[in-house]
Amino acid sequence: MKSKKIFFALLLCCVYSFSNAQQTEHDKKMEWWREARFGMFIHFGVYAQMAGEYNGYQQARGGAEWIMNRMKVPVSVYKEVAKQFNPVKFNADEWVKMAKDAGMKYLIITAKHHDGFALFDSKASDWDIVDATPYKKDLLKPLAAACKKYGIKLGFYYSQAQDWGNAGGAVARKVMAEGWPNPDSTKINAYTEAHKGHWDPVQETSTFDQYIDRVSVPQVKELMTNYGDIAVLWWDTPTNMTDAAALKLQAALKSQPNIITNDRLKRPNFPGDTKTPEQKIPNLSELDGKDWETCMTMNGTWGFRNSDTNWKSSTTLIRNLVDIASKGGNYLLNIGPKPDGSFPEASVERLKDLGAWMKTYNEAIYATHASPIQAQTWGRVTRKDHANGNTTLYLSVFEWPKNGELVVKGLSNEVLSAQLLNNGNKVTFNKAADQVTLKLPATAPNAVASVIKVEVKGNMQTWFGESGKEKMKTGAID
């Protein structure tokens, strides 16, 4: 009996040690990503050429990158559009430098979106930028070189299941009303319902399994072997995905052992490393301590659309970044380049504003953890832990107090010092129980978000409040 107890005790120790080793390896892989907090998403492809319009009609719903599906553009017609796609103003150095200057640490680009069009020279399909457009150059190679030059991590978005241009790819069905008022809408809707979303017979000349084996898996292998170190593989919309297909795609990543993947390969058996709330920032009750990244557009569309001028303000974008960091997440902010390869002017302006703020206040974002205290009405809080057992709090103040007194609730630790992050000027304070009152200058150093750096004694842990009570909404269809 004693020997059995010893055996089981040793077995438990081995299991515990193995589990810890796995966790340590995972944390090591995720370290750069957790420190980065801010990245650039880029949606670019043939859809930019159409800019949200077909047959004289504006696309009725959804991002412009969905125009082929929502407008039910025949494959042959869409491929004719590709013959006009010539992004001669594309400059990889400029793209990456704009990301770096904005304070972004990584960049993820749509190597292939749902239209199946690849921005790289693929041997698995001629539906790519080299073979199907007058541009005739691989877009990803200079981008990879520029990322290496500027120290930006490179990631690829890849639509693994949905593919409207390569035969056999899956299609998420959309009704004709989401595109344009086609007089044959009733007939088309009946057809797509009977054909799993497909609207063009050429899309069904191969099976889904054949598509996975002939296009999807080989292209992922190309992306993993031809562009150096790849930091992220960002899957999207697992329409009709099977576990068998997911395993093949997962195996295609083996040449990049440190690659980070999201939760959109195939649910629920392939959770990946990160959750992906789309176009929204989770509330505190959705947080469960797992890694997550909000992807969001600057206006209403991912791909370029001429008619979409509903741009978020720089104030909103900066405060979104702070809010996300205060909850322990990353902000993946999208750019939809124009068909000539240049960034829209409104995007460039906002990137500059983000960069100006980050130049002064990036310490409150990079390598920070979620807030260790309850939500504050005046702004957000991030934190850093130190080897000496103490903690730094960064108070990002959106609403500067008119009476010059900032009340921080829920802070029971001893406060050692406080200063304005922008100039290092000391801030006086009073402490009473679990509340601290900071005496601030009359005018906010920054109209969008001013940061006060507060050193406190002791270690503080993330405050999740009602965490985990709600399921994080992650992975919208578009």
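Trainee: Is Lys453 buried or exposed?
Mentor: Lys453 is buried, because its relative accessible area is 18% (buried means under 20%, exposed over 50%, partly exposed in between, with a 1.4 Å probe and protein chains only). Keep in mind that this is a predicted model, where local features need pLDDT of at least 70, side-chain atom pairs count only at pLDDT 80 or more, and totals for chains, interfaces and linings use all residues. Residues are numbered from 1 along each chain as its sequence is written, and side-chain values use heavy atoms, leaving out hydrogens and water.

Trainee: What does Lys453 pair with?
Mentor: The general idea: side chains of opposite charge can pair when their charged atoms come close. Here, Lys453 meets Glu363 in a salt bridge at 2.9 Å, N to O (a side-chain nitrogen of Lys or Arg within 4 Å of a carboxyl oxygen of Asp or Glu). Glu363 counts as partly exposed, since its relative accessibility is 26%.

Trainee: How many salt bridges are there by this rule?
Mentor: The count comes to 24. One of them joins Lys112 to Asp163 at 2.8 Å, N to O, and both of those residues are buried.

Trainee: And how exposed are Asp93 and Lys149?
Mentor: They form a salt bridge too, with their closest N and O atoms 2.9 Å apart. Asp93 is partly exposed at 28% relative accessibility, whereas Lys149 is exposed at 56%.
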